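Q: Could you show me how to read the features of a protein model, giving the general idea and then the case at hand?

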Amino acid sequence: MFAVERIGPVQTPAAHEERKVHNGRKGRKGVMAALAAASLLLSAGCASEDGGPASSDGSPTPPAGSASSPAASSSPPAERPPAKGSVDVVSTLTEKLSSPWGLAPLPGGDLLVASRDDATITRIDGESGKKTEVGTVPGVSPAGEGGLLGLAVAPTYGADHLVYAYFTTESDNRIARLQYDESKPAGQQLGAPDTILRGIPKGFVHNGGRIAFGPDRMLYAGTGETGDTGLAQDEKSLAGKILRMTPDGEPVHGNPSADSVVYSWGHRNVQGLAWDKQKRLWASEFGQDTWDELNAIEPGKNYGWPEVEGEKGEAGYVDPVAQWKTSEASPSGIAYAQGSIWMAGLRGERLWRIPLSGTPGQEPSAAPQAFLEGKYGRLRTVVAAGGDTLWLVTGNTDGRGTPKQGDDRILLLKVR
């Protein structure tokens, strides 16, 4: 039985640089497999209680290709989370990962993790933590903050075994899908990349890289402005944006512009994407010198960079829902669980909890709380593991951290 370590909140005001439950109890993986199988049946066309197929979070979703946007939801308001939360570190699933970045759960409870600098995808047994290399993504050119970044598993994975990856090449950032064939030898299980979107500007810094399928079964991507601040306000550029596309990389009917995958703009470097129970999209973003941000994303809105940073109240720009000093956050991945957004911090070396009101208003219901401050170093990615659990990935082998013995690692958290 693993020991459970209770971590109290850090009493830090809410204010950059880029800055499983496997608790030893037998049977979690089987439960997760059953849940995954149910989800796949739903996605294959079984009706949910509301009459539509269900998304990965169990909420009903429109069929693929629907014009419906998740920004507007008729879901009833969720119960407010408590003002004060908690984090229990249940276990360390695995250790000695090299520059881990993207993390994607597979049906059945195992995980896929991307190595930014090695351009490899590794499968992690969700119960034992055993690592098996799946393969290398060809064409990746790691440098600075670029390399093999975000991963996402297709909602149709049970039928097509497609894995999506966001990565940096010699010329651009792009998104490709690869078929994962588990029957092949370890290290040779990835098919050739099928690029669905190319031409996302690249830089030594600010490459964005987070990808995720939304409750509408469309693919979203967060990009960076590469250090060229003007690109964030250029609506024709894919840099400094949140993108929304079909699984084939095409613009979605209902996007702000019918012929464009651009969903929102005015972003400096989007690093985290997550949806709450009301299907509202949230995104974390690096600031520059003053404020890091958590934004509630609406289609067609301008989030200000480089004209504004943080809360300014200027007409034409959307203010962040919450902001932090850059030394306290440098936010990376985010996840939604237990009524809150959970945000990993790189330079800030802590996990932030932002409790949501669960109403049409976008304000947090209480002040953000910080946990795990300095305990595990830089925190790169956080992913919902079902119910009150999260996967948390450290980021100390990325060239900016100070690795400790065993770094980098994946932790299982129980949260409230």
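Q: Which residue in strand 5 does Leu112 stand opposite?
A: Before answering, note that this is a predicted model, in which local features need pLDDT of at least 70, side-chain atom pairs count only at pLDDT 80 or more, and totals for chains, interfaces and linings use all residues. Residues are numbered from 1 along each chain as its sequence is written, and side-chain values use heavy atoms, with hydrogens and water left out. Strands are DSSP runs of E with at least two residues, numbered from the N terminus, and two strands pair if DSSP finds at least two bridges between them. Here, Leu112 stands opposite Arg123 in strand 5, and strand 4 (residues 111–115) pairs with strand 5 (residues 120–124) in the antiparallel sense over 4 bridges.

Q: In what order do the strands of the open sheet lie?
A: The order is 3-4-5-6, with antiparallel pairing among these 4 strands. Strand 3 (100–105) and strand 6 (131–136) stand at the edges with a single partner strand each, so one side of each is left without a neighbour in the sheet. From one strand to the next the twist averages 25°, taking axes as lines fitted to C-alpha atoms and angles from 0 to 180 degrees between N-to-C directions.

Q: Is Thr223 buried or exposed?
A: A residue is called buried under 20% relative accessible area, exposed over 50% and partly exposed in between, using a 1.4 Å probe and protein chains only. Thr223 counts as buried because its relative accessibility is 0%, and its place is in the loop between strand 12 (219–222) and strand 13 (241–245).

Q: Which backbone atoms lie 2.8 Å and 2.9 Å from a polar atom of the side chain of Thr223?
A: The backbone oxygen of Leu238 lies at 2.8 Å, and the backbone nitrogen of Lys241 at 2.9 Å.

Q: How many residues has the largest nonpolar core?
A: Such a core is a set of buried Ala, Val, Leu, Ile, Met, Phe, Trp, Tyr and Cys residues joined through side-chain atoms within 4.5 Å. The largest one has 21 residues, and Leu243 is among those with the most contacts inside it. A second, separate core of 20 residues includes Ala114 and Phe167.

Q: How many bridges join strand 19 to strand 20?
A: The two strands run antiparallel and are joined by 5 bridges, strand 20 covering residues 340–345. Ala337 has Ser340 in strand 20 as its bridge partner, and in the hairpin, which has 2 residues between the strands, Gln338 takes a positive phi near 55°. Strand 19 (residues 331–337) is mostly covered, with 7 of its 7 residues buried.

Notes. A polar contact is a pair of N or O atoms within 3.5 Å; within protein, one must be able to donate a hydrogen and the other to accept it, and residues adjacent in sequence count only if both atoms are side-chain atoms.
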